[in-house]
Amino acid sequence: MITSADAVYIVGEIESFDGPPKTGPAPTTVAVADGRVLAVGGADTAERHIGPDTVVHRYEHAVLLPGLTDCHMHPVWGSVELGRGVDLNGIATLDGVLDALRSAAAGTADDEWVFGHALDPNVFDGPPHGRMLAEALPNRPVALLLRDAHSLVVSPRVVELAGLTGRETFDDRASVELHPDGGPSGLLLELSAMALVGRLYPVLSVRQQADYVLAELTKMAAAGLTGGHAMDFSPPSHEIFRDIESRAELPIKLRCSPLVPPDSGPEVWREIDALLGLQGRRWSVEGVKFMLDGTIDNGTAWLEEPDVHGENHAALWTDPDAYRAAIAFFAGRGVPTATHAIGDRAVRFALDTLAEVGAGPAAPHRIEHVETIPDETVDRFARLGVVASMQPIHGTRHTRGDRSDNWSVRLGAERASRGWRCRDLRERGAIVALGSDWPIGGADPRVLLADAQLRRPVEEPDSTPVQPEQALTARMAYEGLTTHAALAAGRAATRGRVAPGHEADFTIFAENPLTLTPERQAANAVIATIVDGRVQHR
């Protein structure tokens, strides 16, 4: 008996990513029923599955691919940061930053908060600080999130409001940094310190936050995304998703992993474990996230040897063995884990820990970022079955080929040359899932994919590539957001390919990106995105 499809998509070509590239004519038709692929083939497929109620979508000069999934993003707090703050991305001077903040403050009350995000630490001559804000925006509460999202610069007025002294202590290695004069400089390192200021922010309603999230996810769908791995799930994420679903569908599917706080204990772990299994129509909580270290730019990553300033030498967990116990707690309950590990020591320690607990039963364990590692560590990923979840766009956008940037200077030439080793990991057989770390990286997957192939910003043809030997091929790059994304989520049997039984999530491009230069891929028009067999963006 032939099943009638709910929808049939007729295109010029299908890149299914279903096994090795096939010879002969490419399929041109996908039949969908109940949100899943019913059949893939040629014109005869359409004839067999079109019934009286079937909706036929014709994109006969376009190319259909599996839907693209960003494997590391922060859709809730990222949307709120962008919604209420000044975008400082790309502003390369301190004067430029101050001009942007003054413009944002113009016409507002003298005591109204001014927020900014994506502040480049390279605009400062030395360590970032907030002292300059006293003159630029007198008596204003100002909070500027640095682009690594692990540090915050605040104005003297915020230091006063929060009662910061620089003598604060934390369970983890967060800190309130001091100025040479002995007072707080206005630089807060890591989330525990940043929270001292965050509790003072003006309260936004769930509806306001949900509107910000819906707006940003809609833009992502228009750029070709059908899914994302959200590396957080904290209040009010649940309420925000429910608010959106009360009036619309989430534009993309979200797989959420709540953060296990550094130096937390079993009571907190049990509370987080209770979140697993929560879900809505297009979101679910399926794993947990750890932060083993911070970032190289602000001196809180965990390296085998300290950086040139004597920093980046310790784990964010003051007791790394407590991290091991927490991993064992969740792994023993069948929960897949994702560990933020940037420095070579952090990555090695995470791999050692995951080797002890074994492979994840529901999905493989993952390590996020993996910014600098030696050869022997590269070889361990495939051997242990651990996913390398990486953001090469950080390398192309936050470092420079001439090694003059803060990240490279701190590391020195040898360790900087080991940055974002995507190609080495792929060639050793590891799963390499790609993401943007949005809003730290841009949300447009076409730019991310082009940068991963060029190892430089796609729009800057004259810039020097960063470790060009680590460039991915076009197919490898697109696998990082399709088949490898599905593997990383433990969903290879149902996502990441255009094949019968798989979820009907598709990205439809004007041209086949696998045949284009990276520059043309970045401008390849998104004709439509399809989620659960329904047109989400046209």
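Me: What volume does the second largest pocket have?
Reply: About 870 Å³. This is a predicted model, where local features need pLDDT of at least 70, side-chain atom pairs count only at pLDDT 80 or more, and totals for chains, interfaces and linings use all residues. Residues are numbered from 1 along each chain as its sequence is written, and side-chain values use heavy atoms, with hydrogens and water left out.

Me: Okay, and how do you define a pocket?
Reply: On a 1 Å grid over the protein atoms alone, a pocket is an open set of points with protein on both sides within 12 Å along at least five of seven lines, while a cavity is a set where a 1.4 Å probe fits but cannot get out. Lining residues have an atom within 4 Å of a point. Points are joined across faces, edges and corners, and a volume is the space filled by probe spheres set on them.

Me: Which residues lie nearest the centre of that second largest pocket?
Reply: Asn89, Gly90, Arg147, Arg397 and His398, out of 37 lining residues. Strand 7 and helix 13 (392–398) are the elements giving two or more residues to this lining, and helix 13 gives the most, with 4. Helices (H or I, at least four residues) and strands (E, at least two) are DSSP runs, numbered from the N terminus.

Me: How do the lining residues of that pocket divide?
Reply: Into 13 nonpolar, 12 polar and 12 charged. Nonpolar covers Ala, Val, Leu, Ile, Met, Phe, Trp, Tyr, Cys and Pro, charged covers Asp, Glu, Lys and Arg, and the others, Gly among them, count as polar.

Me: Switching to cavities, how many are there of 30 Å³ or more?
Reply: There are 3. The largest has a volume of about 210 Å³, and its lining of 22 residues has Gly67, Thr69, Arg495, Gly496 and Asp505 nearest the centre. Two or more residues each come from strand 12 (225–230), strand 13 (253–256) and helix 19 (483–488). Strand 12 gives the most, with 4 residues.

Me: And what lines the second largest cavity?
Reply: Trp77, Leu82, His117, Ala118, Leu145, Leu146, Arg147, Ala149, Pro439 and Ile440. That lining divides into 8 nonpolar, 1 polar and 1 charged, around a space of about 60 Å³.

Me: Sheets next. What order do the strands of the 7-stranded open sheet have?
Reply: The order is 3-2-1-4-21-22-23, with mixed pairing; two strands pair if DSSP finds at least two bridges between them. Strand 3 (36–41) and strand 23 (534–537) each have a single partner strand, so one side of each has no neighbour in the sheet.

Me: How do strand 4 and strand 21 run?
Reply: Strand 4 (residues 55–66) and strand 21 (residues 506–509) run antiparallel, joined by 4 bridges. Proline 66 stands opposite phenylalanine 506 in strand 21.

Me: Which strands pair with strand 16?
Reply: Strand 14 (residues 259–260) pairs with strand 16 in the parallel sense over 2 bridges, with valine 260 partnered by phenylalanine 290. Strand 17 (residues 337–341) also pairs with strand 16 in the parallel sense, over 4 bridges, and there threonine 337 is the bridge partner of valine 288.
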